[in-house]
Amino acid sequence: MAPQGNRRITDVATLKAFGHPLRMKLYRALYIARTATASQLADQVDEAVSLVSYHLRKLADHGLIEEAEGQGTDGRERWWRPASDGISYRHEDFNDAPERVAAHTSVTRLLVEQRMELYRSFLDQMAAWSAEWTGAAFGSEYAVRLTPAEVREMEAELDAVLGRFKERGEAAATAGDTEGRENVAVHLYGFPFRV
(Lines give C-alpha, C1' and ligand atoms only; values in the text may rest on other atoms or scores of the structure.)
Protein backbone atom coordinates (compact mmCIF):
# COMPACT_ATOMS: atom_id res chain seq x y z
CA MET A 1 0.00 0.00 0.00
CA ALA A 2 1.39 3.41 -0.94
CA PRO A 3 1.51 6.05 1.80
CA GLN A 4 -1.54 8.29 1.76
CA GLY A 5 -2.27 11.29 3.90
CA ASN A 6 -1.14 12.17 7.37
CA ARG A 7 -1.64 9.66 10.18
CA ARG A 8 -2.87 11.16 13.42
CA ILE A 9 -1.80 9.10 16.42
CA THR A 10 -4.57 8.92 19.01
CA ASP A 11 -3.68 5.82 21.04
CA VAL A 12 -1.07 5.90 23.78
CA ALA A 13 0.54 2.58 22.80
CA THR A 14 1.43 3.91 19.34
CA LEU A 15 2.55 7.23 20.79
CA LYS A 16 4.87 5.42 23.22
CA ALA A 17 6.20 3.20 20.42
CA PHE A 18 7.07 6.30 18.40
CA GLY A 19 8.42 8.04 21.51
CA HIS A 20 11.63 6.02 21.73
CA PRO A 21 14.72 8.15 20.86
CA LEU A 22 16.13 5.71 18.29
CA ARG A 23 12.73 5.05 16.73
CA MET A 24 12.20 8.78 16.23
CA LYS A 25 15.56 9.03 14.48
CA LEU A 26 14.81 5.97 12.35
CA TYR A 27 11.38 7.30 11.39
CA ARG A 28 12.90 10.65 10.37
CA ALA A 29 15.66 8.95 8.33
CA LEU A 30 13.13 6.68 6.63
CA TYR A 31 10.76 9.59 6.00
CA ILE A 32 13.57 11.45 4.23
CA ALA A 33 14.80 8.42 2.26
CA ARG A 34 11.23 7.26 1.49
CA THR A 35 12.52 3.64 1.30
CA ALA A 36 15.49 2.01 2.99
CA THR A 37 16.82 -1.21 4.48
CA ALA A 38 17.80 -1.72 8.10
CA SER A 39 21.46 -1.76 6.99
CA GLN A 40 21.15 1.61 5.27
CA LEU A 41 19.41 3.13 8.27
CA ALA A 42 21.91 1.59 10.71
CA ASP A 43 24.69 3.43 8.88
CA GLN A 44 22.81 6.71 9.25
CA VAL A 45 22.12 6.38 12.97
CA ASP A 46 25.40 4.60 13.82
CA GLU A 47 23.75 1.60 15.47
CA ALA A 48 23.90 -2.18 14.96
CA VAL A 49 21.74 -3.57 12.17
CA SER A 50 20.10 -6.06 14.56
CA LEU A 51 19.06 -3.24 16.91
CA VAL A 52 17.75 -1.13 14.03
CA SER A 53 15.80 -4.13 12.66
CA TYR A 54 14.19 -4.65 16.06
CA HIS A 55 13.08 -1.02 16.31
CA LEU A 56 11.82 -0.97 12.72
CA ARG A 57 9.64 -3.99 13.49
CA LYS A 58 8.24 -2.15 16.54
CA LEU A 59 7.35 0.85 14.35
CA ALA A 60 5.74 -1.53 11.86
CA ASP A 61 3.77 -3.29 14.64
CA HIS A 62 2.05 0.05 15.27
CA GLY A 63 1.45 0.82 11.58
CA LEU A 64 3.89 3.72 11.41
CA ILE A 65 6.05 2.07 8.75
CA GLU A 66 5.52 -0.88 6.41
CA GLU A 67 7.45 -3.15 4.11
CA ALA A 68 8.15 -1.66 0.69
CA GLU A 69 7.56 -4.45 -1.80
CA GLY A 70 9.68 -4.85 -4.92
CA GLN A 71 12.65 -2.77 -3.77
CA GLY A 72 15.38 -5.38 -3.32
CA THR A 73 17.13 -7.27 -6.09
CA ASP A 74 17.96 -10.50 -4.28
CA GLY A 75 14.78 -11.02 -2.22
CA ARG A 76 16.74 -11.23 1.04
CA GLU A 77 16.76 -7.53 1.81
CA ARG A 78 13.79 -6.18 3.72
CA TRP A 79 12.91 -2.69 2.54
CA TRP A 80 10.81 -0.30 4.60
CA ARG A 81 8.84 2.88 3.96
CA PRO A 82 6.60 5.21 5.98
CA ALA A 83 3.02 3.95 6.09
CA SER A 84 1.66 7.47 5.60
CA ASP A 85 2.77 10.85 4.30
CA GLY A 86 3.53 11.91 7.87
CA ILE A 87 2.39 11.53 11.44
CA SER A 88 0.94 13.92 13.97
CA TYR A 89 -0.52 13.80 17.44
CA ARG A 90 -2.35 16.39 19.51
CA HIS A 91 -2.74 17.05 23.22
CA GLU A 92 -6.54 16.92 22.93
CA ASP A 93 -6.32 13.19 22.11
CA PHE A 94 -4.39 12.43 25.31
CA ASN A 95 -5.78 14.82 27.94
CA ASP A 96 -8.34 12.43 29.44
CA ALA A 97 -6.01 10.76 31.96
CA PRO A 98 -2.82 11.83 33.77
CA GLU A 99 -0.72 8.96 32.40
CA ARG A 100 -1.80 9.81 28.84
CA VAL A 101 -0.95 13.49 29.39
CA ALA A 102 2.46 12.43 30.75
CA ALA A 103 3.10 10.22 27.70
CA HIS A 104 2.15 13.04 25.33
CA THR A 105 4.37 15.52 27.16
CA SER A 106 7.32 13.12 27.29
CA VAL A 107 7.17 12.26 23.58
CA THR A 108 6.74 15.90 22.60
CA ARG A 109 9.74 16.97 24.70
CA LEU A 110 11.89 14.28 23.09
CA LEU A 111 10.76 15.33 19.61
CA VAL A 112 11.58 18.99 20.35
CA GLU A 113 15.01 17.96 21.69
CA GLN A 114 15.75 16.00 18.52
CA ARG A 115 14.63 18.90 16.35
CA MET A 116 16.91 21.27 18.28
CA GLU A 117 19.76 18.76 17.95
CA LEU A 118 19.24 18.84 14.18
CA TYR A 119 19.33 22.65 14.15
CA ARG A 120 22.38 22.79 16.44
CA SER A 121 24.14 20.39 14.08
CA PHE A 122 23.45 22.79 11.20
CA LEU A 123 24.81 25.70 13.24
CA ASP A 124 27.95 23.73 14.15
CA GLN A 125 28.52 22.77 10.50
CA MET A 126 27.51 26.08 8.97
CA ALA A 127 31.04 26.72 7.62
CA ALA A 128 30.71 23.61 5.47
CA TRP A 129 27.62 24.97 3.67
CA SER A 130 27.80 27.39 0.77
CA ALA A 131 27.03 31.07 1.22
CA GLU A 132 23.91 30.49 -0.87
CA TRP A 133 22.62 27.92 1.66
CA THR A 134 23.61 29.85 4.78
CA GLY A 135 21.95 32.93 3.29
CA ALA A 136 18.76 30.99 2.56
CA ALA A 137 18.53 29.38 6.00
CA PHE A 138 16.25 31.21 8.41
CA GLY A 139 14.93 31.28 11.93
CA SER A 140 11.95 33.37 12.87
CA GLU A 141 9.79 33.99 15.86
CA TYR A 142 6.47 35.79 15.74
CA ALA A 143 4.34 36.92 18.66
CA VAL A 144 0.76 37.42 17.52
CA ARG A 145 -2.49 37.77 19.46
CA LEU A 146 -4.93 35.13 18.23
CA THR A 147 -7.86 33.01 19.32
CA PRO A 148 -7.63 29.19 19.37
CA ALA A 149 -9.72 29.10 16.18
CA GLU A 150 -7.31 31.50 14.46
CA VAL A 151 -4.34 29.37 15.54
CA ARG A 152 -5.96 26.29 13.96
CA GLU A 153 -6.67 28.28 10.79
CA MET A 154 -3.07 29.48 10.68
CA GLU A 155 -1.81 25.90 11.12
CA ALA A 156 -3.98 24.70 8.23
CA GLU A 157 -2.74 27.48 5.95
CA LEU A 158 0.91 26.87 6.85
CA ASP A 159 0.41 23.14 6.29
CA ALA A 160 -1.04 23.84 2.84
CA VAL A 161 1.89 26.10 1.90
CA LEU A 162 4.48 23.56 3.07
CA GLY A 163 2.56 20.78 1.31
CA ARG A 164 2.83 22.65 -1.98
CA PHE A 165 6.59 23.08 -1.57
CA LYS A 166 6.95 19.40 -0.62
CA GLU A 167 5.06 18.36 -3.76
CA ARG A 168 7.15 20.73 -5.90
CA GLY A 169 10.40 19.29 -4.56
CA GLU A 170 9.25 15.69 -5.00
CA ALA A 171 8.06 16.35 -8.56
CA ALA A 172 11.35 18.01 -9.47
CA ALA A 173 13.38 15.15 -7.99
CA THR A 174 11.24 12.60 -9.84
CA ALA A 175 11.89 14.53 -13.07
CA GLY A 176 15.64 14.34 -12.39
CA ASP A 177 16.03 17.95 -11.24
CA THR A 178 18.27 17.22 -8.25
CA GLU A 179 20.96 19.89 -8.77
CA GLY A 180 21.24 22.07 -5.68
CA ARG A 181 18.47 20.27 -3.78
CA GLU A 182 19.00 19.38 -0.12
CA ASN A 183 16.75 18.14 2.66
CA VAL A 184 15.38 21.18 4.49
CA ALA A 185 13.85 20.96 7.97
CA VAL A 186 11.06 23.42 8.78
CA HIS A 187 9.89 23.37 12.40
CA LEU A 188 6.85 25.40 13.34
CA TYR A 189 5.26 25.69 16.76
CA GLY A 190 2.20 27.64 17.75
CA PHE A 191 1.46 27.90 21.45
CA PRO A 192 0.09 30.45 23.90
CA PHE A 193 2.24 32.24 26.47
CA ARG A 194 1.88 35.04 28.95
CA VAL A 195 4.38 37.73 29.92
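What span should the 13 residues of helix H2 have at 1.5 Å a residue, and how far apart are its end C-alpha atoms?

**Figure 1. Helix H2 (residues 21-33) and its buried residues.** The 13 residues of H2 should span 18 Å, and the end C-alpha atoms are 19 Å apart, which agrees; the expected span is 1.5 Å times one less than the number of residues. This is a predicted model, in which local features need pLDDT of at least 70 and side-chain atom pairs count only at pLDDT 80 or more, whereas totals for chains, interfaces and linings use all residues. Residues are numbered from 1 along each chain as its sequence is written, and side-chain values use heavy atoms, with hydrogens and water left out. Helices (H or I, at least four residues) and strands (E, at least two) are DSSP runs, numbered from the N terminus. Leu 22, Arg 23, Met 24, Leu 26, Tyr 27, Ala 29 and Leu 30 of H2 are buried (buried means under 20% relative accessible area, exposed over 50%, partly exposed in between, with a 1.4 Å probe and protein chains only).

**Figure 2. The crossing of H2 and H3.** The two axes come within 10 Å and cross at roughly 115 degrees; axes are lines fitted to C-alpha atoms, for helices over the stretch in contact, and angles run from 0 to 180 degrees between N-to-C directions. H2 and H3 are therefore roughly perpendicular to each other (65 to 115 degrees). Leu 22, Lys 25, Leu 26, Ala 29 and Leu 30 of H2 make the contact with Leu 41, Gln 44 and Val 45 of H3, where contact means heavy atoms within 4.5 Å.

**Figure 3. The meeting of H3 (residues 38-45) and H4 (residues 49-61).** The axes of these helices come within 9 Å and cross at roughly 110 degrees. That makes H3 roughly perpendicular to H4. From H3, Ala 38, Ser 39, Leu 41, Ala 42 and Val 45 meet Val 49, Val 52, Ser 53 and Leu 56 of H4.

Figure 4. Most residues other than glycine have a negative phi. With a relative accessible area of 26%, Arg 34 is partly exposed. Asp 46 counts as exposed, at 69% relative accessibility.

Methods: Angles under 35 degrees count as roughly parallel, over 145 as roughly antiparallel, 65 to 115 as roughly perpendicular and the rest as oblique. A crossing is left-handed if the near helix is turned anticlockwise from the far one by less than a right angle, and right-handed if clockwise.
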